[in-house]
Amino acid sequence: MQKIGHRGAKALVDENTIPSIEKAIELDVDAIEIDVHKCSTGELVVIHDETVKRTTNGKGKVANLSYKELSKLTTEHMHKIPTLKEVFDACRAKCTLHIELKGKGTAKAVCMLIEEVVANKEWTYDQLCVSSFDAKKLNKVKARNSAIKIGLIAEFKTNKAFAIAVDNAYDNLYIYHKKLRNRMVRMAKLKKINLYAWTVNKPSDIKKMKAFGICGIISDQPDLL
């Protein structure tokens with residue numbers, strides 16, 4: 001079972017920052033999950049929300065801000081918003097990376113960057129996974145490059161999500177842990193879909209997810225995994 005740090009080590013260090021990612025790696029995670037948006041000047045930046053208000057000292061939508069403007073912002077503990085390339089460099093050969101597509105235009109841009117780092121032999125396709133709540137984004141990735149591993153994220157309507165994953169031959173399925181059931185675990189194994197649970201932080205819930213025998217657990221506290 002893979003230990004996956006959510007936005008790095010979200011509960012321990014400011015989320016989606018290089019120090020948070022480095023902390024997760026220090027805790028010996030197998031993988032890290034991050035989020036990407038595209039800013040107004042085209043760079044892929046690692047941040048969860050559409051706006052910078054919650055996680056930084058700035059304001060405004062990520063899509064409306066330039067990389068220069070974003071680079072001046074800091075989180076609560078004075079960390080910067082990294083680019084996806086900077087995260088690639090920080091994680092290289094140390095863990096697998098699950099990249100969640102958040103904003104508009106991210107599908108093609110992420111594909112292009114993945115293709116670049118694989119061509120440069122910095123990463124392999126097996127080490128990189130693209131995820132989203134939006135099947136349309138995932139299908140754009142699949143249509144462009146079928147070598148890139150993709151997975152659907154679901155919080156509700158998990159049966160529908162499972163059907164979509166099967167119909168589109170997705171590699172991964174990420175299910176909100178409170179909605180995970182034994183039947184889905186059995187079906188995922190039958191259909192050869194890698195099943196992951198998110199976001200699992202309580203020791204009792206972690207124990208329950210481990211008993212399911214799923215592929216991995218995503219947690220804000222990878223130290224508990």
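1. Conventions. Residues are numbered from 1 along each chain as its sequence is written, and side-chain values use heavy atoms, leaving out hydrogens and water. Because the model is predicted, local features need pLDDT of at least 70 and side-chain atom pairs count only at pLDDT 80 or more, while totals for chains, interfaces and linings use all residues. Helices (H or I, at least four residues) and strands (E, at least two) are DSSP runs, numbered from the N terminus.

2. Helix 3. Helix 3 spans residues 84–91, and L84, V87, F88, A90 and C91 in it are buried (under 20% relative accessible area, with a 1.4 Å probe and protein chains only). These residues lie on the same side of helix 3 because they cover an arc of only 165 degrees around the axis, taken from the directions from the helix axis to the C-beta atoms.

3. Just after helix 3, A93 has a positive phi of about 65 degrees.

4. Strand 5. Of its 5 residues, 5 are buried. L128, V130 and S132 point one way, and C129 and S131 the other.

5. Pairing of strand 5. Strands pair if DSSP finds at least two bridges between them. Strand 4 and strand 5 run parallel, joined by 4 bridges, with E100 opposite S131. Strand 6 (residues 149–154) also pairs with strand 5 in the parallel sense, over 4 bridges, and I150 stands opposite V130.

Note on methods. Buried < 20%, exposed > 50% of the residue type's maximum accessible area, 1.4 Å probe, protein only.
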